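Here are my notes for a first look at this entry. Please keep the model open while you read them.

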Amino acid sequence: MPPSKSVVCKSVEFLWIIDGLERFDSPGKGRGLRVTRAFKVGELLFSCPAYTHVLSVRERGCYCEFCFTRKEGLARCGKCRKAFYCNAKCQKADWAMHKLECSAMMAFGENWCPSEMTRLVARILAKKKTQKERCGSEKILPVGEMQSHVEDVDNDKREMNEADIAGLHRFYSKHVEFPDHKDLLTLFSQVACNGFTIEDDELSHLGTAVYPDVALVNHSCLPSVIVTYNGTLAEVRAVQDMKTGDEVLISYIDLLYPTDDRNNRLRESYYFTCDCQECKSKSQVRVRKRSDPIEPEVINNMVRYARKTIREFRAVKTPPSELLEICQQSLEEMGAVFEDSNVYMLHMMYQAMGVCLYMQDVDGAIRYGEKILKPYGKIYPPYSLNVSSMYLKLGRLYMGMERHSLGVKSLKKAMAIMEVAHGKDHHYLTELRKEITQK
């Protein structure tokens, strides 16, 4: 893999430039980003610091609020006792953002409950107030110019935004100055369309951030780059060889699902339909091969059942044992028509694996994971984090069960993907090499 090229920034008539890249009008897509030189697979196109970020409340105590480093022995904030930091340096660097919440968390106690979106918007407003110049995450797109689609927001989303705005006023009025209601609605819509979820090596949610320059990158179901995170720094690397003039494209959504499902998700969340080559060649629903072919109506009914089950599963709140039973029942129902490699079957197997992990049923988790892996490798594009994370989970489960050879084999396959997606020097790779050599 060629060495990563560092990002060079130059001020030219108050404009910022990222070496090797340029902003342009992408046909049919609007604003976009393209390369001005060739990039090889695994090469770093650019990195982007977060304009602002927020650690998930669930991860407090495990990760530093400022740099997202995971370590034991983090130091608590001496006032609220809720936030944790690597050291005094991280705590001091985060104070401008943490002070927005510190006293409120003490005052409200258990009733302090703003959404992660609200917390992020509060930080954006605070930063806009104190920072008058563009920062390192706005070299080619100022945060205020991010697309909002506020005019396309439906009633349900508008109600959610209104609830978040109410939370903003309730929990942040002491430290944040608010613009008028219309501007707040626009800002919440901007964050909904352009916010990025920061995930760990197994794709567990750590927090949310805004990266204006990365938000300029358009979507494709055949992405040319991938975004990974080094702490709170977003890094964009090529997953295809790119030649001068190629557009920089990422996937906004999980690529597991059929074309119609992907486009439904894109319309719901980002207000457009994808017409990439992958979408033009519509993916087929994998069904069981029988001497008497399954009728199209039966297949369509089962697809509707699968979609309904997935929606309901996401919304249901029941004990883990009951969740596992829902997974097993739906897999049995769908399995009468669909192959095990069918994407809807894979989705429910993945959910079942997650429930097994939560219940500490390692054998069950391994059983579902092994069924998932081979189809994942065929469905997802090369260097997919969905595939590497599955290898990681299985590898660590094998190692925990003292199935060392299987564990090492799985972890090495994860490492091969991650060296391209994260870069060979990423701390995840350093930790993974230690896992592989441990006895």
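Predicted model: local features only at pLDDT ≥ 70, side-chain atom pairs only at ≥ 80, totals over all residues.

1. Start with the lining of the largest cavity. Its residues divide into three nonpolar, two polar and one charged. They are Val-150, Val-153, Arg-158, Asn-161, Leu-185 and Ser-189.

2. The structure holds one cavity of 30 Å³ or more.

3. Turn next to the aromatic rings. A search of the whole structure finds eight aromatic pairs. One of them joins Trp-112 and Phe-171. The geometry is edge-to-face, with 6.5 Å centre to centre and 65° between the planes. The angle is over 60 degrees, so the pair counts as edge-to-face.

4. That pair links distant parts of the chain. Trp-112 sits in the loop between α1 (88-108) and α2 (116-130), while Phe-171 belongs to helix α3.

5. A second pair to check is Tyr-211 with Tyr-229. It is tilted: 5.9 Å separates the ring centres and the planes are 35° apart. Tyr-211 lies in the loop between β10 (205-210) and α5 (212-215), and Tyr-229 in strand β12 (residues 225-230), so the contact ties together parts 18 residues apart in sequence. Both Tyr-211 and Tyr-229 are buried.

6. Look again around Trp-112. Phe-108, Trp-112 and Phe-171 form one aromatic cluster.

7. Two charged side chains sit over rings. Arg-37 lies over the face of Phe-39, at 3.9 Å from the ring centre. Lys-127 lies over the face of Tyr-51, and here the figure is 4.6 Å from the ring centre.

8. Last, the overall layout. How does the domain assignment divide the protein chain? Domain 1 covers 52-211 + 220-231, domain 2 covers 259-283, domain 3 covers 284-379 and domain 4 covers 381-438. The C-alpha centres of domain 2 and domain 4 lie 31 Å apart.

Terms used. Residues numbered from 1 in each chain as written. Heavy atoms only, no water. Domains from an automatic or database assignment. 1 Å grid on protein atoms, 1.4 Å probe; cavity = no way out; pocket = protein on both sides within 12 Å on 5 of 7 lines; lining within 4 Å. Points joined across faces, edges and corners; volume = space filled by probe spheres on them. Nonpolar A, V, L, I, M, F, W, Y, C, P; charged D, E, K, R; others polar. Phe/Tyr/Trp six-rings, centres within 6.5 Å; stacked < 30°, edge-to-face > 60°. Helix = DSSP H or I, 4+ residues; strand = E, 2+ residues; numbered from the N terminus. Buried < 20%, exposed > 50% of the residue type's maximum accessible area, 1.4 Å probe, protein only. Lys NZ or Arg CZ within 6 Å of the ring centre and 35° of its normal.
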